Amino acid sequence: MNIYPYEKKYAVQIAALLNDFLPFEPETTDTVDQAGGIRYVAVNELNEVVGYIAGYEIKDFNKEFPYFLEELQSLKELVTSGISYYTSHFVVHPNERKKGIGTKLVRAYLEAVQPVAKTIVTVGWVQSDTNRWAAERQFAAQGFEPFIYMPRYFEPYQVDCPSCKGLCYCDAHIFVK
């Protein structure tokens, strides 16, 4: 298994991975390719994408966090005090978890982001069917700290969720580094 910076040739596989395992907006080859930011893929020996991490600089806090403005005021103050990055995607195929892939992806991402960012924000999806954020331990191990827990955070986004079996009402645990 190898970690590589994003290349367009991986876009189809990344879109499929995101659509299968993250409950956000549907992804296409174009949306993945045009996303920009700092991105890494984990590719196995069969040249299959088994993991992905992506993030970008937060330019407009209110655009990135359009809901819960009062509750997130302290996050806004932190983020707008210097260059900040938002970790927008992090996924490892369930059959490939617990093999160190997530650790390698997060470390590659951090090596690229930390030299330019004062703050890195990660919003953890706390699944309604497990009440867990699957990647929480991963980010905590890399030095991220809990910032705020937001009940029903994803509900206003009106996205379909495999955990909720329909409209997402999952909580979020926001971590920062």
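Phe-68 is partly exposed, with a relative accessible area of 21% (buried denotes under 20% relative accessible area, exposed over 50%, and partly exposed the range in between, with a 1.4 Å probe and protein chains only). The backbone of Phe-68 has a phi near 60°, a positive value in a residue other than glycine. Phe-68 lies in the loop between helix H3 (61-64) and helix H4 (73-79); helices (H or I, at least four residues) and strands (E, at least two) are DSSP runs numbered from the N terminus. Most residues other than glycine have a negative phi. A positive phi, near 55°, is also found at Arg-152. Arg-152 is placed in the loop between strand E6 (145-150) and strand E7 (160-161), and is partly exposed, with a relative accessible area of 41%.

The structure is a predicted model, in which local features need pLDDT of at least 70 and side-chain atom pairs count only at pLDDT 80 or more, while totals for chains, interfaces and linings use all residues. Residues are numbered from 1 along each chain as its sequence is written, and side-chain values use heavy atoms, with hydrogens and water left out.

The chain comprises six helices and nine strands. The C-alpha trace spans about 45 × 40 × 30 Å along its principal axes. Of the 177 residues, 46% are buried. Among contacts (heavy atoms within 4.5 Å) with a separation of 6 or more, 69% join residues 24 or more positions apart. The accessible surface is about 9,300 Å², with 49% belonging to carbon and sulfur atoms; areas come from the Shrake-Rupley method with a 1.4 Å probe, and for residues only the protein chains shown count as cover.

Helix H1 (residues 11-21) has the buried residues Ala-11, Ile-14, Ala-15, Leu-17 and Leu-18. These residues cover an arc of only 165° around the axis and therefore lie on the same side of H1, the arc being that of the directions from the helix axis to the C-beta atoms. An α-helix has 3.6 residues a turn, so residues three or four places apart point the same way. The buried residues of H1 pack against helix H2 (29-33) and strands E2 (38-43), E3 (49-57) and E4 (84-92). Val-12 and Asp-20 are exposed on the face of H1 turned away from its buried side.
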